[in-house]
Amino acid sequence: MARSPTTSDVFNAIAEVRRREILDALMAGEKAVGTIVADLSLSQPQVSKHLRVLSEVGLVKCRAQGRHRLYSLEPARLRPLHEWLARYEQMWNERLDRMDDYLQELQRRESSSDT
Amino acid sequence: MTRSRHGSARIEFPNELDVLITREFDAPIALVFDVMTKPEHVSKWGATPPDQTKECSIDLRVGGAYHHVFVAGDGTECSFRGTYLEVEPPIRTVKTWLFDGWPDAEAVETMQLHETDGVTTLTVRLAFRDKAGRDHMTRFDGQQDSFDAMEDILRSLLGPTGTSPS
């Protein structure tokens, strides 16, 4: 698979549900590949493949300890992504909150006209 | 008195092309459906202040068209349009979604409602034809600069120095 140095890489990386699960698993702290395999009931090759993608975009880092490779999150690199998602979420929230207010107003009007 | 559900929408990006939005409302399903599909209702809540709804037409039947025109605070207009592909009151509509400013960003929007004990859950799935379309969408639906900001951030993340903004 060709790797393009575009901004879509981080999005591609987190678009895959298994990769998000791996990021979640690493929230608790540094883990060996085998531990992630056990946590998520995935095969070792699958986990390794996903970890490679996550490493390439800088969302996780890896260090060797003996014959184990330990993976951990790069939280500073995730934070701006969370901030951007939060803004997008806020836009939807504002829109749906307006709809909610309108629904409540309609129901109040309806119930007061019933009495 | 029901508790406020403000700020409770959940946004997910289940894959590269989809955006999934979920939100609950303390209202019966039929009313939520009407508020989302009747122009006299949509024109009341659809625009983001200071934008105002200038035109809102909805022909709610399979093959029917809808068109929403908004006027921004500075007088510029933008509009969304599309065609209904499925209409199943009061639980579901599927429609094409086009933003006039970005004809490339075509999407299919599936709106699904489900009521349990007087609480109606809304699920909106926006399925973009391609990833560029989804990224345009996240830029142009009310947050003009968010995509630019995201791009800058991602560039800095992916840059060789890896410095993150503080």
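What share of the contacts in chain B with a separation of 6 or more comes from residues 24 or more positions apart? I looked this up before anything else. The share is 30%, a contact being two residues whose C-beta atoms, placed from the backbone, lie within 7 Å.

**Conventions.** I am reading a predicted model, in which local features need pLDDT of at least 70 and side-chain atom pairs count only at pLDDT 80 or more, while totals for chains, interfaces and linings use all residues. Residues are numbered from 1 along each chain as its sequence is written, and chains are lettered from A and ligands numbered from 1 in the order in which they are written.

**Confidence.** I noted an ipTM of 0.72 and a pTM of 0.64 for the complex. Chain B averages a pLDDT of 77, and 71% of its residues score at least 70; pLDDT is the predictor's confidence in each residue, from 0 to 100. In chain B, helix α1 (residues 29–37) has the highest mean, 94, and helix α4 (residues 146–158) the lowest, 40. Over residues 139–166 of chain B the pLDDT is below 50, and this stretch has 46 contacts in the model beyond near neighbours in sequence. Where pLDDT is low, predicted coordinates should not be read in detail.

**Chain B, elements.** I found four helices and eight strands in chain B, taken as DSSP runs (helices H or I, at least four residues; strands E, at least two) numbered from the N terminus. Along the sequence they follow the pattern β-β-α-α-β-β-β-β-β-β-α-α.

I followed β3(B) into strand β4 (residues 65–71) of chain B: they pair in the antiparallel sense over six bridges, pairing being at least two DSSP bridges between two strands. B:Glu55 stands opposite B:Val69 in β4(B). Six residues lie between the two strands of this hairpin, and B:Gly63 in the turn has a positive phi of about 90°. β4(B) is also joined to strand β5 (residues 77–88) of chain B, antiparallel, by seven bridges. B:His67 has B:Arg81 in β5(B) as its bridge partner. The β4(B)–β5(B) hairpin has five residues between its strands, with B:Gly75 in the turn at a positive phi of about 95°.

Which residues of α1(B) are buried? I list B:Ile29, B:Val32, B:Phe33, B:Val35 and B:Met36. They lie on the same side of α1(B) because they cover an arc of only 165° around the axis, the arc being that of the directions from the helix axis to the C-beta atoms. The largest nonpolar core has 27 residues, of which A:Leu103, B:Val32 and B:Met36 touch the most other members; such a core is a set of buried Ala, Val, Leu, Ile, Met, Phe, Trp, Tyr and Cys residues joined through C-beta atoms within 7 Å. Elements giving two or more residues to this core include α5 (75–114) of chain A and β7 (102–116) of chain B. Not counting residues up to four places away in sequence, B:Val32 touches A:Leu103, B:Phe25, B:Ala27, B:Leu113, B:Thr120 and B:Leu122.

**Chain A, sheet.** I checked an open sheet of three strands with antiparallel pairing and the order β1-β3-β2 (chain A). β2(A) and strand β3 (residues 68–73) of chain A pair over six bridges. A:Ala64 stands opposite A:Arg69 in β3(A).

Note on methods. A residue is buried if 20 or more other C-beta atoms lie within 10 Å of its own, exposed if 12 or fewer, and partly exposed in between; C-beta atoms are placed from the backbone.
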